[in-house]
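Morning, everyone. Please look at the model on the screen while I talk.

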Amino acid sequence: MYEFDWTSIPGALPILGSGMLMTLRLTLVAMVVGILWGTLLALARLSGNRMLGWLAAGYVNLFRAVPLVMVILWFYLIVPTLLKDWAGLGAGTDIRMASALVAFALFESAYYSEIIRAGVRSVPRGQVNAAQALGMAYTQTMRLVVLPQAFRNMLPLLLTQAIILFQDTSLVYVIGLADFFGAAYKVGDRDGRLVELLLFSGAVYFVLCFGASLLVRRLQKRIAV
Amino acid sequence: MSYSWNWGVFLSPTPSGSGTYLGWLLQGLEWTLLLSLGAWVIAFVLGSLLGVLRTVPNRWLAGLAAGYVEAFRNVPLLVQLFSWYFVLPELLPRGLGDAIKQSDPLIQQFIAALLCLGCFTAARVCEQVRAGLQSLPRGQKNAALAIGLTLPQAYRYVLLPLAMRIVLPPLTSEFLNVFKNSAVASTIGLIELSRQGQQLVDYTAQPYEAFIAVTLLYVLINVCVMFGMRWVERRARLPGHREGQ
């Protein structure tokens, strides 16, 4: 039977901690940019403008058809070239974090836009008509009437998507970035204690995600009208 | 940006001499399809069973299924995959673990990825099936029991046939997710589609062609599955019954 040896974990806590910080940073940036860009995409699809709607739908469907692993690899290929051409960065600079941030933000915005589109459509038509009857312009109607109600309705879904995103950031492993999982894997590999470190990281993810999902469920009950 | 395109790269021979790079990609496509379809069978059977368990009037069985769902939904897929691949063989009795470790690496990778994807997706299928079962009017179950069906018969002949039709659209998106998630298996070295794409980049130094080809193949899988499932939906429709929406 396998003999567990957990002694390499306490010493590795600083590495794991900085990995967790990277995971949280990735999650937060991708979530904020994803929701902003996703809102614009959703509005483009709902705008009634054929051209805009088509472009937004194409963007969303393309990103939703391709595996996240491929998206991360794609941006790891494209972003460094662009940065080199535009910003004149040397070949030695580490741009993995930048390309991971771009990849996650653009990828998540496709998923967020679908949630937001459904949220906007869940606001009763009468609200839009009433706002227009008051003399509000399109942007005012959206900003002051529709979006506030829509976001309230879809807050639980947006947060659930954030929990999924938090788990998905572990895939930056494919470009060798040391997020929480990457750090745990490296430590485990170094000390020959992969079994313990993998189980430990799984337990940490479980506690955080399960706790967060319980909070979302409570929030859902509280804001239910 | 100065990049010299060379689409002919797919037809040039591989270093081993047998076959072309296009052959590599198609081999990767084969493994992706085999892995995803196999995982879907596991996920569908196990997920439906768990979905039923979550709705049966037995606290222990329902709790067991709920625990399964929480465990598999709250741990990242990558951590689960590494656990199946690196951790499980260590925790099994020594003889069995050693036998696994000495088998063909490709088989090891495939089995680990298959079980991982199957069990991961089963948790999602379970939630969909449960939602479908719970959306049925209570009268369906009561009526089934009233005409003398046992509980398993009520599920088999009345509740599941209705619930499955209702949840076909969300199940389609889970089915699509299996194909996309199968790309994670490249991290343990299984030579599926995205792994072959990366290999092509390493060998040919033509990254754009390789990635575009792989991406198009994933989009193609997506389109095929969507058409296939639309056909299934049409076939499964009950006359005079309101479907989904």
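Predicted model: local features only at pLDDT ≥ 70, side-chain atom pairs only at ≥ 80, totals over all residues.

Residues are numbered from 1 along each chain as its sequence is written, and chains are lettered from A and ligands numbered from 1 in the order in which they are written.

Start with the chain contact. Chain A brings 29 residues and chain B brings 27. Contact means C-beta atoms, placed from the backbone, within 7 Å. Which helix gives the most on the side of chain A that touches chain B? That is α8(A), with 11 residues. Helices here are DSSP runs (H or I, at least four residues), numbered from the N terminus.

Now the core. The largest nonpolar core has 115 residues. Such a core is a set of buried Ala, Val, Leu, Ile, Met, Phe, Trp, Tyr and Cys residues joined through C-beta atoms within 7 Å. Buried means 20 or more other C-beta atoms within 10 Å of the residue's own. A:Ile72, B:Leu81 and B:Ala113 have the most contacts inside this core. α5(B) gives the most to it, 13 residues.

Last, the helix pair. The axes of α2(B) and α5(B), lines fitted to C-alpha atoms over the stretch in contact, come within 9 Å and cross at roughly 125 degrees. Angles run from 0 to 180 degrees between N-to-C directions.

Methods:
Helix = DSSP H or I, 4+ residues; strand = E, 2+ residues; numbered from the N terminus. Buried ≥ 20, exposed ≤ 12 C-beta atoms within 10 Å, placed from the backbone. Contact = placed C-beta atoms within 7 Å.
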